[in-house]
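Hello,

Could you take a look at the structure below when you have a moment?

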Amino acid sequence: ERSQTCRRNRRRSQQAWGVAGGVRIVLSLEISADAHVRGYVGEKIKLKCTFKSSSDVTDKLTIDWTYRPPSSSRTESIFHYQSFQYPTTAGTFRDRISWAGNVYKGDASISISNPTLKDNGTFSCAVKNPPDVYHNIPLTELTVTERGFGTMLSSVALLSILVFVPSAVVVILLLVRMGRKATGVTKRSRSSYKKSSIEVSDDTDQEDSNDCMSRLCVRCAECLDSDYEEAY
């Protein structure tokens, strides 16, 4: 009985590590996924899953996504991949699962369209890339809720801040720059402006006429004063 137990343990060790020419070869396949994902009713949700394999990706690689409802031990296969995509054609997720990954980049993600409150539950992502077949199976807890008015309002406000505020700042800077350029051009035009000979002569004639008028007024005033003195 003891020898049988040893043989079984040796067989398990060989399956887990692999033996080639008496040398142990580690068959490593590491899978990562988000532990918790939050989504909203009617808005597409992406379930991320990535993997790292010591072997090159071949057409033998398989990906399997399963779903387990809350407070239940029953699991449901919702997606299978092997060279081609095979989303489920029955059950709760019928026609709502789509491929969102790239196996050559180590991405095994999927998306759920039109999620509802009934989609809450636990999802698991399993990847096999022979000879790497022994790995962890990460679990993702999905929580779907209704998007409230406050959340929608905050999203709109955030969008406004990210889009309209930078645009307004750019417009203001452009207007300020244009105003400075216009002011500089006006100053330069005034400083470089020279009067023509006709304008100079007109100004001179105007000044002479003004002098004549002032002299005439003074003369008239003297005459009036002299007449007044004689009459007196």
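Here are some notes on what turned up.

This is a predicted model, in which local features need pLDDT of at least 70 and side-chain atom pairs count only at pLDDT 80 or more, while totals for chains, interfaces and linings use all residues. Residues are numbered from 1 along each chain as its sequence is written, and side-chain values use heavy atoms, with hydrogens and water left out.

Five bridges join strand 13 to strand 4 (residues 36-40), and the two run parallel. Strand 12 (residues 121-128) is joined to strand 13 by four bridges, here antiparallel. Strands pair if DSSP finds at least two bridges between them. Leu142 in strand 13 is the bridge partner of Val37, and Gly121 also stands opposite Leu142.

The largest nonpolar core has 26 residues, and Ile63, Trp65, Ile78 and Phe123 touch the most other members. Such a core is a set of buried Ala, Val, Leu, Ile, Met, Phe, Trp, Tyr and Cys residues joined through side-chain atoms within 4.5 Å; buried means under 20% relative accessible area, exposed over 50%, and partly exposed in between (1.4 Å probe, protein chains only). Leaving aside neighbours within four places in sequence, Phe123 has contacts (heavy atoms within 4.5 Å) that include Trp65, Ile78, Phe93 and Leu142.

Some backbone details may interest you too. The peptide bond from Pro130 to Pro131 is cis, with omega near 10°, and Pro131 sits in the loop between strand 12 and strand 13. Asp95 belongs to the loop between strand 9 (84-87) and strand 10 (97-99) and is exposed, with a relative accessible area of 64%. Asn114 lies in the loop between strand 11 (110-112) and strand 12; Asn114 is exposed as well, at 53%.

Finally, Leu173 lies in helix 2 (residues 149-191) and is exposed, with a relative accessible area of 55%.

I'd be glad to hear your thoughts.

Best wishes
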